[in-house]
Amino acid sequence: MPKVVFHRDGKTFTGEVPDNTNLVVKAGIRQFPYPNFLYGCGMGKCGKCASRIIVGGEHLPEPNWKEKKRLGPRIEQGYRLACQLWISHDIELSQEAKPLADVVAPGAAAV
Ligand code: FES
């Protein structure tokens with residue numbers, strides 16, 4: 001079972017999730033990382049689930065078109081849309097307590 005280390009607002013949350021887990025789906029059914037995980041649409045549109053991958057990004061697939069459209073150059077800084085990721089390996093990630101506009105790339109197209 002993949003171990004997830006999640007940072008937000010200066011706090012660290014740790015849990016294990018079943019193989020092939022989507023963290024937004026898990027939070028949506030009120031399981032870890034609920035209630036601390038930020039998310040919205042679950043469809044790669046709102047950007048609220050934007051997370052910076054600290055460890056384990058090499059196990060993730062290449063960003064899909066929704067991530068590229070929403071995150072733009074932030075992808076180069078390690079950001080991904082958690083709702084677009086299915087976790088099968090240990091991962092460490094963070095979400096920042098910043099307004100969405102600061103997390104999403106300036107100039108990224110609104111959906
Ligand atoms: S929850 Fe809206 S983009 Fe991920």
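**Figure 1. Overview of the predicted chain.** Of the 111 residues of the chain, 29% count as buried. The structure shown is a predicted model. It contains 3 helices and 5 strands, which follow one another along the sequence in the pattern β-β-α-β-α-β-β-α. Among contacts between residues at least 6 apart in sequence, 62% join residues at least 24 apart.

Figure 2. The 5 strands form an open sheet in the order β2-β1-β5-β3-β4, with mixed pairing. Strands β2 and β4 are the edge strands, each pairing on one side only. From one strand to the next, the twist averages 35°. Strands of a sheet pair through backbone hydrogen bonds, either parallel or antiparallel. Within this sheet, strand β3 (residues 50-55) runs antiparallel to β5 and is joined to it by 3 bridges. Arg 52 has Ser 94 of β5 as its bridge partner.

**Figure 3. The hairpin of β1 and β2.** Strand β1 (residues 3-8) pairs with β2 in the antiparallel sense over 6 bridges. The two strands form a hairpin with 2 residues between them. In the turn, Asp 9 has a positive phi of about 55°. Phe 6 stands opposite Phe 13 in β2.

**Figure 4. The largest nonpolar core.** In soluble globular proteins, nonpolar side chains tend to be buried together. The largest nonpolar core of this model has 18 residues, of which Leu 23, Val 24, Tyr 39, Cys 49, Leu 81, Ala 82 and Cys 83 touch the most other members. The elements that give two or more residues to this core are β1, α1 (23-28), β4 (79-81) and β5 (91-95). Helix α1 gives the most, with 3 residues. Leaving aside neighbours within four places in sequence, Leu 23 is in contact with Pro 33, Phe 37, Ala 82 and Ile 87.

Figure 5. Most residues other than glycine have a negative phi, and most peptide bonds are trans. Pro 33 is found in the loop between α1 and β3, and a cis peptide bond with omega of about 15° joins Phe 32 to Pro 33. Pro 35 is also placed in the loop between α1 and β3. The peptide bond from Tyr 34 to Pro 35 is cis, with omega near 0°.

Figure 6. Asn 20 is found in the loop between β2 and α1, and its phi is near 65°, a positive value in a residue other than glycine. Asn 20 counts as exposed because it has 9 C-beta neighbours inside 10 Å. Arg 30 lies in the loop between α1 and β3; its phi is near 60° and likewise positive. With 8 other C-beta atoms within 10 Å, Arg 30 is exposed.

**Figure 7. The surroundings of Lys 66.** Lys 66 is found in helix α2 (residues 65-71). This residue counts as partly exposed, because it has 16 C-beta neighbours inside 10 Å. Leaving aside neighbours within four places in sequence, Lys 66 is in contact with Gly 44, Leu 81 and Gln 84. Lys 66 and Gly 47 are 19 residues apart in sequence and 9.6 Å apart in space, C-alpha to C-alpha.

How values were computed: Residues are numbered from 1 along each chain as its sequence is written. This is a predicted model: local features need pLDDT of at least 70, side-chain atom pairs count only at pLDDT 80 or more; totals for chains, interfaces and linings use all residues. Two strands pair if DSSP finds at least two bridges between them. Helices (H or I, at least four residues) and strands (E, at least two) are DSSP runs, numbered from the N terminus. A nonpolar core is a set of buried Ala, Val, Leu, Ile, Met, Phe, Trp, Tyr and Cys residues joined through C-beta atoms within 7 Å. A residue is buried if 20 or more other C-beta atoms lie within 10 Å of its own, exposed if 12 or fewer, and partly exposed in between; C-beta atoms are placed from the backbone. Two residues are in contact if their C-beta atoms, placed from the backbone, lie within 7 Å. Axes are lines fitted to C-alpha atoms, for helices over the stretch in contact, and angles run from 0 to 180 degrees between N-to-C directions.
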